[in-house]
Amino acid sequence: MKSPARTARLDAPTSTRAGAPVRAHRMSLHPHSGGAAAAKLDKLVAFAKGHRRALVLTHDNPDPDSLASGVALAWLLGELAGVDAQVAYGGIVGRAENRELIRQLKLPVVPVSRVVFDDYDMICMVDTQPEQGNHSLPKRHFPDVVIDHHPVRAETRLAAVADVGGPIGATSTVVVEYLRASQLEVPPSIATALFYGIKADTRDLGRHTTPQDVEAYLWLFPRADKDAMGQIEHPPLSLEYFALSRTAIEKAEVHGHTVVLPLGPLYAPDMVAEVAERFLYLEGTRWSLAFGSFEGDLYYSVRTTDRRANAGKLIREVIEPRGGSAGDHGTMAGARLPARDLSPAAVKRLSAAVVRDFLAAFGVKGRGVTHISGRPARRPRRPS
């Protein structure tokens, strides 16, 4: 059942199409109280009602948070504004859990290769921003709507509707506030996707978690499909997954409190994040850096246990001067560095230079290296 029609209007509901974006009235960047959420929803719906078809774009190689917030936003636009909305992503969905999320919940998402951008008169961006560089929006287009929990970028302020920034742990949390304000009955598939989006991005509410994330998580829990969640969190794993795990163990280099994981060719670019996350559990590790190549580009993922650190700022300082794109914040971050026009020797030199810069940024002193696969096994202590 749809909620009553909303009457709030924008001062200037101007769509931004090819060419220079037009500044329009936009909502406050991060108010998160109930009343503010209703006001944000009113403005979004009023703007959307002036359009026919919307494209909701996730970041490339999307994670659960990006997929869930995109699908939920598309559903909300259809229910409240009567806008036909399509969710699309660049790159691939590589991690087994993410593929299972789409399969189990039958999420209506398509590769961006199947999108004709000129067929849409409204473009939305979730869990990423125009300047971020980790999306597949052509330069001749500019998003009308940007919803993201990462720190605000300058160009985002030009979007007609921007709900960006704040300490929120997941973009799914931001979208949940819209859903709650709408008073619509949320389908179990969308509730489950959003629940998993928050769960994955905050590592079970243990990382970058705010009261808003906790509240959204608890609101979604009774609405989520628990059987589907079990399948999503424990999917079948491919031979390539185990081969990459072996590569990570064999090539891992321990530099004091840092583990570096040169993975070589990747079967899916988002696997660098999984490997970096997994090796952060290595005893004595404060930083983990995983990197590998996919279709000619280099992909990096950084994790840290130091809550005072800003991995997003660090990775941008290392990668962006070299022409790459980087994002995220706090204790986790990722980046992509174009390298497809370089020779193998040049790629090797570039990789070595990037690793040196990362080690310096991590505060690693000296060049002592331990290879995990070469460590002698610990002998059990004899009983006294």
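**View 1. Ala54 stands opposite Met122 in strand β4.** This is a predicted model, in which local features need pLDDT of at least 70 and side-chain atom pairs count only at pLDDT 80 or more, while totals for chains, interfaces and linings use all residues. Residues are numbered from 1 along each chain as its sequence is written, and side-chain values use heavy atoms, with hydrogens and water left out. Strand β1 (residues 53–57) and β4 run parallel and are joined by four bridges; two strands pair if DSSP finds at least two bridges between them. Helices (H or I, at least four residues) and strands (E, at least two) are DSSP runs, numbered from the N terminus.

**View 2. Strand β4 (residues 122–126) is mostly covered.** Five of its five residues are buried, a word that means under 20% relative accessible area with a 1.4 Å probe and protein chains only. In a regular strand the side chains alternate between the two faces of the sheet. In β4, Met122, Cys124 and Val126 lie on one side, Ile123 and Met125 lie on the other, and all are buried. Towards strand β5 (residues 145–148), β4 pairs in the parallel sense over three bridges, and Val146 in β5 is the bridge partner of Met125.

**View 3. Six strands form an open sheet with parallel pairing, in the order β3-β2-β1-β4-β5-β6.** Because β3 (109–111) and β6 (161–164) stand at the edges, each with a single partner strand, one side of each is left without a neighbour in the sheet. From one strand to the next the twist averages 25°, where angles run from 0 to 180 degrees between N-to-C directions and axes are lines fitted to C-alpha atoms, for helices over the stretch in contact. Four bridges pair β5 with β6 in the parallel sense, and Ile147 stands opposite Asp163 in β6.

**View 4. The axes of helix α2 (residues 64–81) and helix α4 (residues 171–182) come within 9 Å and cross at roughly 25°.** This angle makes α2 roughly parallel to α4, a term for angles under 35 degrees. The contact, meaning heavy atoms within 4.5 Å, includes Leu73, Leu76 and Leu80 of α2 and Val175, Tyr178 and Leu179 of α4.

**View 5. Helix α2 also packs with helix α5 (residues 188–201), at an angle of about 150° and with the axes 8 Å apart.** Among the residues that make this contact are Ala68, Ala72 and Trp75 of α2 and Ile190, Ala193 and Gly197 of α5.

Methods:
Buried means under 20% relative accessible area, exposed over 50%, partly exposed in between (1.4 Å probe, protein chains only). Angles under 35 degrees count as roughly parallel, over 145 as roughly antiparallel, 65 to 115 as roughly perpendicular and the rest as oblique.
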